[in-house]
Amino acid sequence: MATEQSNGTHAALDARCPAGPIEGRWDKRRFDVKLVNPANKRKFHVLVVGTGLAGSSAAASLAELGYEVTTVCIQDSPRRAHSIAAQGGINAAKNYPNDGDSIYRLFYDTVKGGDFRARESNVYRLAQVSNTIIDQCAAQGVPFAREYGGVLANRSFGGAQVSRTFYARGQTGQQLLLGAYSALMRQVGAGRVKLFPRREMLELVTVDGIARGIICRNLVSGAYERYAADAVLLCTGGYGNVFYLSTNAKACNVTAAWRAHRRGAFFANPCFTQIHPTCIPVAGEHQAKLTLMSESLRNDGRVWVPKSSGDSRRAADIPDAERDYYLERRYPSFGNLVPRDVASRAAKERCDEGYGVGSSGKAVFLDFRDAIKRDGENAVRQRYGNLFQMYEKITAEDPYQVPMRIYPAVHYTMGGLWVNYDLETTVPGLFALGEANFSDHGANRLGASALMQGLADGYFIAPYTVGGHFAGRKIEPISTDHPAFGEVERDAVERTDRLLGVGGRRSADTFHRALGQIMWEGCGMARNEAGLKQAVESIRALRGEFWEDLRVAGHRQEFNQNLEHAGRVADFLEFAEVFAADALGRRESCGGHFREESQTEDNEARRDDENFCYAAAWEHRGEGAEPAMHKEALQFEYVPLTQRSYK
Amino acid sequence: MSDPPASMRINLRVWRQASGGAPGRMESYCIENVSPDMSFLEMLDILNEELVGAGEDPVAFDHDCREGICGACSLVIDGQAHGPEQGTTVCQLHMRRYADGDTIAVEPWRADAFPVVKDLVVDRSAFDRIMASGGFISTHTGSAPDANAILVPKTEAERAMDAAACIGCGACAAACPNASAMLFVSAKVAHLALLPQGQPERDGRAIAMVHAMDEEGFGNCSNHFECEAACPKEISVDNIALLNREFLRASVTSRSDA
């Protein structure tokens with residue numbers, strides 16, 4: 001086993017960032033990457049797993065370059081990947097509004113907003129390619145919001161001091177995904193991408209330590225299918241559904257990433273979870289999914305709770321003097337626009353102290369009264385009409401008349417498979433893109449940056465770096481007849497049969513809910529040592545029960561959603577333990593990770609750069625063995641390490 | 001604050017079909033303790049939990065985002081695609097719409113071009129194939145000019161966005177007595193035809209997508225407008241008029257290789 005280097009970084013975790021001034025690093029890397037002869041590109045086969053922003057854009061771009069591409073997705077159509085649900089917008093450093101934005105400022109804001117737990121080189125590159133993304137999307141026909149003169153409109157988003165967010169009503173993710181999907185379908189139509197929907201990746205196949213393919217279950221027929229390739233790109237999103245209740249779509253899961261982890265890919269910073277402050281509160285035990293209300297609402301809405309605990313008057317009957325606009329009180333300079341992690345914790349603090357509103361007491365008000373008074377109901381309707389309508393459909397309350405009730409919910413996961421500067425995992429030939437990797441957002445993601453990162457990875461980074469894998473390594477031809485495929489397929493089938501064979505009494509859903517409860521209690525918005533230790537114990541116990549008392553309906557050789565869910569819950573139950581261990585080991589507060597032991601006197605997060613300025617990368621060491629944590633030391637040459645303050 | 005949730009009993013009649021080729025039938029189920037705050041799909045979740053508990057096969061249905069944007073959910077409820085509410089997907093329908101003791105019929109999309117996979121799940125890959133035939137602007141990654149180099153009048157951008165809001169759920173075809181996919185196709189053709197970026201391929205796109213639609217076995221439009229009524233994004237049938245003009249124009253003006 002390789003050992004720690006002098007800078008504290010594990011040898012396998014060489015990020016391979018180019019040296020030199022940060023502005024030139026990506027240029028340098030692109031120059032240094034060996035090129036694949038155009039005539040040879042068609043001989044290389046790339047397998048792209050997942051068709052969200054990262055997967056669709058990567059598959060389309062790689063096919064355009066001439067590679068042979070196969071793509072699989074879990075949904076019935078690539079257009080339904082969960083990127084589609086992103087509402088607010090996509091950042092870029094265009095500086096069209098002339099308000100002082102620049103690549104350097106976007107880079108700086110992202111490193112600082114991520115609370116200094118991201119890699120500077122990666123973040124700088126992200127800011128660099130951000131502008132090209134907007135160009136690409138506009139050319140594809142993405143109907144971005146426009147000004148009357150026909151130029152693109154921008155707005156300030158998520159507390160940014162500049163207006164750098166591009167948007168398409170409240171449906172930016174949908175429109176960007178349809179752009180990437182249309183580029184993908186163009187390649188499908190041209191025969192350069194083979195598309196296999198309703199396939200779930202259950203295993204990664206490696207040969208001599210290099211990724212050479214995957215095993216999928218065909219979700220319609222139940223057949224196990226082998227896909228061989230010269231490179232595998234995991235674009236499989238985040239793992240927020242480990243909490244059961246989240247804003248993630250129901251099919252979002254950790255299985256592809258987790259299975260790759262078990263075959264050698266290190267998993268980085270699993271405990272970095274983003275809890276979004278503005279979601280519709282839980283309505284009851286039946287709840288299967290939470291709904292996000294775009295953060296843009298905080299531009300005009302004011303967040304408050306009653307000053308006296310248990311005040312059950314209607315919101316309108318509570319005079320201003322008896323309202324606590326707690327974000328404006330605690331953070332006078334940023335007010336309602338503090339970053340997501342800060343806003344979420346502040347809401348939890350008020351509710352824990354007994355000031356929460358609504359029947360559950362787990363909600364705060366987001367009030368548009370003053371905006372409506374100031375700008376008129378029509379102006380507010382123009383800005384947020386679809387969000388207000390969505391809110392009313394779910395809650396049967398009219399936010400033009402009564403304030404919205406909101407509460408934080410799990411939304412995004414900054415952690416993911418560890419990747420180097422080339423987006424390659426610790427398994428050669430296996431790349432991770434988009435939310436599935438860990439690289440760019442540190443411990444907290446800024447609003448409107450997820451779409452930027454997914455598309456940056458897919459359109460403008462992986463298409464270059466994957467070529468480096470082909471040109472730089474000797475890759476033998478492979479077919480699915482290779483014995484490695486047979487072995488791994490047997491593992492996948494056996495695991496499925498184990499799930500079906502437990503023959504207990506409880507459904508996968510009840511275990512998933514129980515796991516979510518453990519994670520929310522022990523690994524949620526505020527974490528402490530005792531709670532995390534308890535969570536580890538509870539997860540282990542629940543996993544034991546799962547394998548003794550699970551009941552799965554039906555068989556494996558058929559369309560079986562119940563079986564699909566059970567497989568995902570089984571993987572969540574393994575993954576959750578590493579998540580909790582990661583949170584336990586990181587005895588500092590940073591970004592979305594708040595350790596109660598590490599806070600200032602006025603209850604703000606206290607980061608500990610002396611001891612924790614690293615990315616934690618977890619290595620799977622076999623069934624039943626304790627996983628090993630390795631460190632990638634983080635250096636900050638450009639953005640000085642400072643405590644974030646939004647006071 | 002909201003009243004304590006009442007509890008309802010709901011009788012369901014659900015289409016069950018083991019697989020594509022198998023015969024199907026309506027089955028009756030009774031669900032107790034349905035909260036008015038529950039979504040329709042959460043009620044189906046409860047039904048499925050009960051079925052799994054009883055050792056029976058749960059009801060298969062497509063769903064994912066559960067907030068009305070992914071287009072996965074696809075149920076005909078009491079004869080209406082996406083149910084009784086205007087401009088909503090099934091996942092946004094809540095049980096407060098119903099009363100204690102109601103009986104609700106749940107069926108899959110019905111269209112030859114959307115064959116049943118199992119129970120309430122249908123195969124909508126026909127839409128993907130239509131998209132692959134021309135529902136795009138051919139722009140290689142990296143070849144785009146600066147985004148502000150091509151101005152788009154705000155009104156045109158808004159109209160394009162109205163059409164682009166289509167979520168590809170297929171309710172239009174399911175609601176149409178002819179199982180026509182004209183609203184879906186016209187929304188994509190309109191979205192791209194209204195933008196300057198879409199002009200170079202405008203003629204070929206309209207012709208290719210209409211031909212692809214015909215090949216998939218969707219019916220013709222005969223102006224029932226059921227599609228617009230069922231559309232969860234309230235896409236206007238004006239787009240169909242636009243598609244007809246685009247198709248006619250392209251047929252007259254374009255060269256044979258378009």
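**Sheets, helices and contacts**

Reader: In what order do the five strands of the open sheet of chain B stand?
Author: The pairing in this sheet of chain B is mixed. Strands here are DSSP runs of E with at least two residues, and helices are runs of H or I with at least four, both numbered from the N terminus; two strands pair if DSSP finds at least two bridges between them. The order is β2-β1-β5-β3-β4.

Reader: What pLDDT do local features need in this model?
Author: Residues are numbered from 1 along each chain as its sequence is written, while chains are lettered from A and ligands numbered from 1 in the order in which they are written. The model is predicted: totals for chains, interfaces and linings use all residues, side-chain atom pairs count only at pLDDT 80 or more, and local features need pLDDT of at least 70.

Reader: Which residue of β5(B) is the bridge partner of B:L75?
Author: β2 (24–34) and β4 (80–81) of chain B are the edge strands, each pairing on one side only. Strand β3 (residues 75–77) of chain B is joined to strand β5 (residues 103–108) of chain B by three bridges in the antiparallel sense. In β5(B), B:L75 has as its bridge partner B:P108.

Reader: What angle does the direction of α1(B) make with that of β2(B)?
Author: Helix α1(B) packs on the sheet and touches β1 (8–17) and β2 of chain B; contact requires C-beta atoms, placed from the backbone, within 7 Å. Angles run from 0 to 180 degrees between N-to-C directions of lines fitted to C-alpha atoms, for helices over the stretch in contact. Between α1(B) and β2(B) the angle is about 100°.

Reader: How many residues of chain A are in contact with chain B?
Author: On the side of chain B that touches chain A, α1 (40–53), β6 (116–118), α2 (125–134), α3 (154–164) and α5 (182–193) of chain B each supply at least two residues. That side of chain B has 31 nonpolar, 19 polar and 15 charged residues. The 65 residues of chain B in contact with chain A meet a number from chain A of 66.

Reader: Which helix of chain A packs on the sheet that contains β18(A)?
Author: The sheet is open, with antiparallel pairing in the order β16-β10-β18-β19 (chain A). Its edges are β16 (416–417) and β19 (628–633) of chain A, each with a single partner strand, so one side of each has no neighbour in the sheet. Strand β10 (residues 267–268) of chain A is joined to β16(A) by two antiparallel bridges, with A:A268 opposite A:G416. Touching β10, β18 (614–619) and β19 of chain A, at about 145° to the direction of β18(A), is helix α16 (residues 561–585) of chain A.

Reader: Which residue of β15(A) is the bridge partner of A:T273?
Author: Seven of the seven residues of strand β11 (residues 273–279) of chain A are buried, so β11(A) is largely enclosed by the rest of the structure. Five bridges connect β11(A) to strand β15 (residues 404–413) of chain A, and the two run antiparallel. The partner of A:T273 is A:T413.

How values were computed. Two residues are in contact if their C-beta atoms, placed from the backbone, lie within 7 Å. Ala, Val, Leu, Ile, Met, Phe, Trp, Tyr, Cys and Pro count as nonpolar, Asp, Glu, Lys and Arg as charged, and the others, Gly among them, as polar. A residue is buried if 20 or more other C-beta atoms lie within 10 Å of its own, exposed if 12 or fewer, and partly exposed in between; C-beta atoms are placed from the backbone.
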